[in-house]
Every structure is written in structure tokens, then in C-alpha cells.
Amino acid sequence: MTILKEEIDNGFTFSSDRTRVDVDYVHQVVSTQLYWAKGIPFDVVKRSIENSFCFGIYTDSRQVGFARLVTDYATFAYLADVFIDEAYRGQGLSKRLMEFIFSIEELKIFRRMVLVTRDAHTLYERFGFEPLKSPQNYMELHRPNVYGA
């Protein structure tokens with residue numbers, strides 16, 4: 001399924017066009033700066049982008065933010081790999097990115113969206129995310145060192 005949407009806000013373009021994603025840039029940030037994927041191989045990042053609903057933030061044709069949804073496009077989505085380039089933080093771009101994602105009509109039908117975060121709870125709470133109501137019902141297979149880092 002392809003859902004294309006773009007908005008320009010204050011000199012930044014928010015886009016759901018996966019073909020605009022700078023895979024090299026996303027890999028560089030994710031594999032070196034983000035605690036949840038240090039050392040992740042390029043081919044894994046590339047495959048994750050190819051198989052997700054992706055969002056980018058761009059300025060002057062340069063990517064400065066990213067997020068992706070792993071989804072069936074019907075009932076469920078997992079929000080992953082949300083980041084803003086360090087040079088552009090503090091401008092409200094993460095909040096604006098979430099607003100952009102949640103403005104897409106096709107995503108409003110999902111029964112459940114989940115995410116995992118160590119330190120951005122206040123951002124996501126603004127958009128209705130809350131701690132699991134029944135954590136005892138959830139299970140996971142977690143391999144934190146699968147990428148060797």
C-alpha cells in the first residue's frame with residue numbers, strides 16, 4: 001500500500017514518500033547515534049525501510065528526521081526509529097513529525113499502535129500513548145546484541 005502525503009511547514013518538508021529517504025544517512029544515524037540499534041548493518045536498515053511505512057523531514061533537499069511504522073495498514077502499527085538530526089533538535093520537529101503522522105487519515109483506523117522508548121515518554125503521551133494496560137499479556141523475544149554491538 002502506498003500513502004503519499006507531503007506538507008511544508010516553516011521551511012521543512014514532511015513527507016511519507018519512501019523514495020525520498022536517504023538510506024545512507026538513516027543508517028549512519030541509527031547505527032552510530034541511537035541506543036537501540038548501535039552497529040546495525042546497512043542491509044538490515046535498508047530492508048527495514050523497504051518494508052515499512054516511512055516518514056522523513058527534509059530541508060534544502062537534506063534529510064533531517066525520520067520515523068517508520070511497521071504495519072499491516074489495517075489494524076496495527078509499531079512506531080520505530082524516530083529521530084531528529086542533532087543539529088536540528090530543539091525546534092519542535094519531533095512533535096511536528098508526530099502531528100504529521102497522526103494527520104494521515106488511513107492511520108486513524110488502527111486499533112493499536114505501540115512503541116518502545118527509554119526517554120521520550122512525554123513526547124508520545126501528547127499523542128495518546130500510555131503505559132501498557134495489561135503488560136502481563138505481552139511477550140517478547142528480545143535479542144539486544146543481535147548486531148554485535
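How many of the nine residues of E5 are buried? I opened the predicted model with that question. I count seven of the nine as buried, so E5 is largely enclosed by the rest of the structure.

**Sheet order.** I looked up where E5 sits next. Six strands make an open sheet, ordered E1-E2-E3-E4-E5-E6, and the pairing is mixed. The edges are strand E1 (6-9) and strand E6 (112-115); each has a single partner strand, so one side of each is left without a neighbour in the sheet. I note an average twist of 20° from one strand to the next.

**E5 and its partner E4.** I then took the two neighbours of E5 in turn. As a reminder to myself, strands of a sheet pair through backbone hydrogen bonds, either parallel or antiparallel. With E4 the sense is antiparallel, and there are six bridges. Thr71 has Ala77 of E5 opposite. The two strands E4 and E5 form a hairpin, with four residues between them. I checked the turn and found Tyr73 there with a positive phi of about 60°.

**E5 and its partner E6.** Here the strands run parallel, and four bridges join them. I recorded two positions. Phe76 has Arg112 in E6 as its bridge partner, and Leu79 stands opposite Leu115 of E6. I also followed the chain between these strands: E5, H3 and E6 make a β-α-β unit, and its hand is right.

**Helix H3.** I looked up what H3 (residues 93-102) lies across. The list is E1, strand E2 (12-15), strand E3 (53-59), E4, E5 and E6. The helix runs at about 40° to E2.

**Helix H1.** Which strands does H1 lie across? They are E4 and E5, and H1 runs at about 80° to E4. Within H1 (residues 23-33) I list Tyr25, Val26, His27, Val29, Val30 and Ser31 as buried. An α-helix has 3.6 residues a turn, so residues three or four places apart point the same way. I next asked what covers the buried residues of H1. The cover includes helix H2 (42-50), strand E4 (62-71) and strand E5 (76-84). Last, I checked the start of H1: a side-chain oxygen of Asp22 comes to within 3.3 Å of the backbone nitrogen of Asp24.

**Summary for E5.** E5 pairs antiparallel with E4, runs parallel to E6, and has both H1 and H3 lying across it.

Methods
Residues numbered from 1 in each chain as written. Predicted model: local features only at pLDDT ≥ 70, side-chain atom pairs only at ≥ 80, totals over all residues. Heavy atoms only, no water. Buried < 20%, exposed > 50% of the residue type's maximum accessible area, 1.4 Å probe, protein only. Contact = heavy atoms within 4.5 Å. Polar contact = N/O pair within 3.5 Å; in protein donor to acceptor, adjacent residues only side chain to side chain. Pairing = 2+ DSSP bridges. Axes fitted to C-alpha atoms, helices over the stretch in contact; angles between N-to-C directions. Right-handed = clockwise from strand over helix to strand, strands pointing away.
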